[in-house]
Each structure stands twice: as C-alpha cells, then as structure tokens.
Amino acid sequence: MTAKTTVKPTARLIEVFSAIQGEGLNVGTRQIFIRFALCDLRCHFCDSAHTWNAPSTCKIERTPGLRDFEEHSNPIPLPILLEWVERQNQPSIHDSISLTGGEPLLHAPFLELFLPQVRSLTNLPIYLETGGHRPEQLAMILPYLDSVGMDLKLPSVSGESYWQEHAQCLKLSYDSHLNVFVKIIISQQTDPTELERSALLVAAVSPDIPVFLQPVTPLPVSEKSTAKTILAPTPDQVLHWQAFMKRWLKRVLVVPQTHKMLNQL
Ligand code: SF4
C-alpha cells in the first residue's frame, strides 16, 4: 500500500511590509503589502522586473513601517505567512491588505486557501492588484476579495495585448459587486485608438467604473528591463486623452504613482 501524500500549500514571495498605497482608488491608504513572486507578462514599463522569477529568499518586515526586514527561504508555508500578517496587523494602522506582485493570480490555488483564513484573522478588507489577464484564476478567489485594481495593458505602451481577458476579468469583478477600478499606463507613444477601445471595453461593463490614467514613470537605466525608451506623456496629451475617454466613461482620473514621490516601497 502506498502512503497518501498531501501537498502543503506554499507561496513564493518577494516581500511583506506595511506602506502607503500609491496608485488608484486606494491611494493614500495604509496597507499590509504581500508581494508575490512570478509574472507571466513582460510589460515594457515594468518597475517590478525583480518579481518575474522567484528568488531563493524573501524579505519580511518585522514591525509595520520600520523596515526591519528579516530574510527567509522560499517557498513559504501558508501558516507562516498568516503569522507574519498577524504580526503586521497592529491595532488601527491598516486599512486593507494588498495582494501585489508580480502577478498574484499565478498563486490562485494558494490564495483560495489563504484568503479566507487571513480575512477571519485580521478582519481587514482584501485588495487585489492584477494584470487582468487571468480570468479563470480570478474566478477562483473572487469570493474572498473586496476590491480589485485591474490593469488594462495598451499594446502601444506595454507591448502586451489581452483585450478579451481584460473584458472577462472586469465583468467578473463588477458582477461580483467588488469595488473595481481600471488602471491604464500612458506614455508619449500611446495610440489613441487603443484608448477608445479601452473606454468602450469598460463602458460595456459599466460606464461608472473609475478609470485611472497613470502617466508612466520613466525608469532609471539600472532598473530598465527593456532597451525601449518610454517617455511620460506631455501635459497636452494627458488633457486631451482624459477628455476623449470621458465621452464614454463617467470617471477618468489622471494620477501618477504617488508612492515614488513619498519614497515608499
Ligand atoms: S504585469 Fe506588472 S509585474 Fe508583470 S511585467 Fe507587467 S508591470 Fe511587471
């Protein structure tokens, strides 16, 4: 007789820390960030290329906001991650937990087990940041989410093209009554026909869904993952594109990455 083996759920992490959210609808709020390793996209503007592959170790902040990181070996067992989040969750500091990456949905089977437990342990709302290209994995964890920040990748800026998957992910989130918003990175090279297509895609789900146009933050040469030069849009382009998208959508907001200005992680 062969012994039955059970696989213990584990995650490959980059870091866990407490910081101020710098993007989208939750901007300015305090979150416990769980940054997952691995991403299957290769956006030209990626500022998290260090997450594309799983490192052998991850960095865990001991005290919220003190940057007193410990190093631990990957992968991390589920109960250990629960302990770390509980340690971060000191009374009244945090507004929510942010699942970020990389692409957190590549850990969907782990999240399906982890999220109900972390929710009952902390009582904090759960916010997912996703590239919006994995509807099957999103469907697996929808019941445990409160809000979703979904990227809509413009081929002219990101080099990636996932229109159908974006539409599916947005509809899934909206139909589940989650607090959902869309983030679109724009640069001088943005093709306006892609902005029109994006506006129509969002409006087809609901014209009430907020869309954040986020001017690209040009990366220092040392952090660039591609030889392509990406320039921030001009003030005129930003004004024009916001007005253009408002033909179809009620809320189009232009907000840059504020955490970089605040020197957050
Ligand atoms: S989805 Fe995010 S982490 Fe992945 S390549 Fe694009 S910007 Fe980078």
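Me: Hi! Is S92 buried or exposed?
Reply: S92 counts as exposed because 7 C-beta neighbours lie inside 10 Å. The cut-offs are 20 or more other C-beta atoms within 10 Å for buried, 12 or fewer for exposed, and partly exposed in between, with C-beta atoms placed from the backbone.

Me: Before we go on, what kind of model is this?
Reply: This is a predicted model, where local features need pLDDT of at least 70, side-chain atom pairs count only at pLDDT 80 or more, and totals for chains, interfaces and linings use all residues. Residues are numbered from 1 along each chain as its sequence is written.

Me: Thanks! Where does S92 lie?
Reply: S92 is in the loop between α1 (78–88) and β7. Helices (H or I, at least four residues) and strands (E, at least two) are DSSP runs, numbered from the N terminus. S92 also has a positive phi of about 65°, although it is not a glycine.

Me: And what about the phi of N123?
Reply: N123, not a glycine either, has a positive phi of about 65°. You'll find N123 in the loop between α2 and β8 (126–130), and it is exposed, with 8 other C-beta atoms within 10 Å.

Me: New topic: which residues does UniProt list for "binding site"?
Reply: The unreviewed UniProt entry lists I20, Q21, G22, R35 and T100. UniProt positions follow the numbering used here, feature names are shortened, and annotations may be inferred rather than shown by experiment.

Me: Is Q21 buried or exposed?
Reply: Q21 is buried, with 23 other C-beta atoms within 10 Å. Q21 sits in the loop between β2 (13–20) and β3 (30–36). Not counting residues up to four places away in sequence, Q21 touches N26, V27, G28, T29, Q31 and S98; contact here needs C-beta atoms, placed from the backbone, within 7 Å.

Me: What does G22 contact?
Reply: Leaving aside neighbours within four places in sequence, the contacts of G22 include V27, Q257, T258 and H259. G22 is partly exposed, with 19 other C-beta atoms within 10 Å.

Me: Last one: what surrounds the ligand?
Reply: The residues around the ligand include C39, R42, G101, G102 and E103, where near means a C-beta atom, placed from the backbone, within 6 Å.

Methods. Contact = placed C-beta atoms within 7 Å.
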